[in-house]
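This report is written for a reader meeting the structure for the first time. Please look at the sequence and the model, and then follow the text from the open spaces to the contact and the helices.

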Amino acid sequence: MSAAVQVTDDSFKDEVLESDVPVLVDFWAPWCGPCRMVAPVVDEISQQYEGQIKVVKLNTDENPNVASQYGIRSIPTLMIFKGGERVDMVVGAVPKATLSNTIEKYLG
Amino acid sequence: MSATPQDTKDKKTLEAMRRFSERYAQQTDTYFCVDPSVTAVVIEGLARHKDELGSPLCPCRHYEDKEAEVKNSYWNCPCVPMRERKECHCMLFITPDNEFAGEQQEIEIEEIVKVRESMGG
């Protein structure tokens, strides 16, 4: 689907919760239309903030445990984690500006 | 190669969901997305749920228990938010004022099959 790293129920703790930098997690599913719309936006964000944040994707069909743990309902849902905690989220195929404004709050 | 019975069933469901989507868009004065691959994957997702669960549960949500959701019927397409307020967060049925609305209320089966094949199955 894109260049971003795919995380799983098994790797979520290491890749996301224990990350030294904030992490943007794109919760997506294969047959979700708006997930296709947001994927290129997520890729652009990944390039724009390279080194400052980590960007990963989680397929909710294949990884239901993490998706349920964080109460994912509507997809795509984009969640930001910092220091092992969920700090923010946006739901739906949002414009890039919305996503970058949300991320800016958690940098540094 | 001849089609297996399963293939035939899948194609029938896909065609039924395609026709439902066209008809429902026309009935509600909504349009398909400017990017037809969005429309294609959603119709495919609805058809898969219809085959697996008996109802076209919305493919743009995560469920704890899909079978219970089907019985609950809230997110069976067309879902309650769509029927009440023309809200389709899956972007299958888009109101004309939305920037992502295209001009089509029709999609060819070939388009859906093409997108399916591009996803490897």
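The lining of the second largest pocket consists of 10 nonpolar, five polar and two charged residues, where Ala, Val, Leu, Ile, Met, Phe, Trp, Tyr, Cys and Pro count as nonpolar, Asp, Glu, Lys and Arg as charged, and the others, Gly among them, as polar. The model is a predicted one, in which local features need pLDDT of at least 70 and side-chain atom pairs count only at pLDDT 80 or more, while totals for chains, interfaces and linings use all residues. Residues are numbered from 1 along each chain as its sequence is written, chains are lettered from A and ligands numbered from 1 in the order in which they are written, and side-chain values use heavy atoms, with hydrogens and water left out.

On a 1 Å grid over the protein atoms alone, a pocket is an open set of points with protein on both sides within 12 Å along at least five of seven lines, a cavity is a set of points where a 1.4 Å probe fits but cannot get out, and lining residues have an atom within 4 Å of a point. Grid points are joined across faces, edges and corners, and a volume is the space filled by probe spheres set on the points.

| Space | Volume | Lining by class |
|---|---|---|
| Largest pocket | about 260 Å³ | five nonpolar, five polar and six charged residues |
| Second largest pocket | about 220 Å³ | 10 nonpolar, five polar and two charged residues |
| Largest cavity | about 120 Å³ | 13 nonpolar, one polar and one charged residues |

Of the 16 residues lining the largest pocket, A:Ala29, A:Asp61, B:His49, B:Arg61 and B:Lys66 lie nearest its centre. Helix α2 of chain B gives the most to this lining, with four residues; helices here are DSSP runs of H or I with at least four residues, numbered from the N terminus. The count of cavities of 30 Å³ or more comes to one, and among the 15 residues that line the largest cavity, B:Cys58, B:Cys77, B:Cys79, B:Cys88 and B:Cys90 lie nearest its centre.

**The contact between the chains**

The contact, meaning heavy atoms within 4.5 Å, takes 20 residues from chain B and 16 residues from chain A. The two chains bury about 1,700 Å² between them, 63% of it on carbon and sulfur atoms, where buried area is the accessible area (1.4 Å probe) that two parts lose on being put together, summed over both. On the chain B side, B:Arg61, B:His62 and B:Met119 lose the most area to chain A, together 34% of what that side buries.

The 18 residues of α2(B), residues 36–53, should span 26 Å at 1.5 Å a residue, and the end C-alpha atoms are 26 Å apart, which agrees; the expected span is 1.5 Å times one less than the number of residues. Because 13 of its 18 residues are buried, α2(B) is largely enclosed by the rest of the structure, with buried meaning under 20% relative accessible area, exposed over 50% and partly exposed in between (1.4 Å probe, protein chains only). B:Gly54, which follows α2(B), has a positive phi near 95 degrees.

Within α2 of chain B lies B:Lys50, which counts as partly exposed at 36% relative accessibility. Not counting residues up to four places away in sequence, B:Lys50 touches B:Thr13, B:Met17, B:Ser55 and B:Pro56.

B:Glu22, by contrast, belongs to helix α1 (residues 5–28) of chain B and is buried, with a relative accessible area of 13%. Leaving aside neighbours within four places in sequence, B:Glu22 is in contact with B:Phe32, B:Gln105, B:Glu106 and B:Ile107.

Methods. Helices (H or I, at least four residues) and strands (E, at least two) are DSSP runs, numbered from the N terminus.
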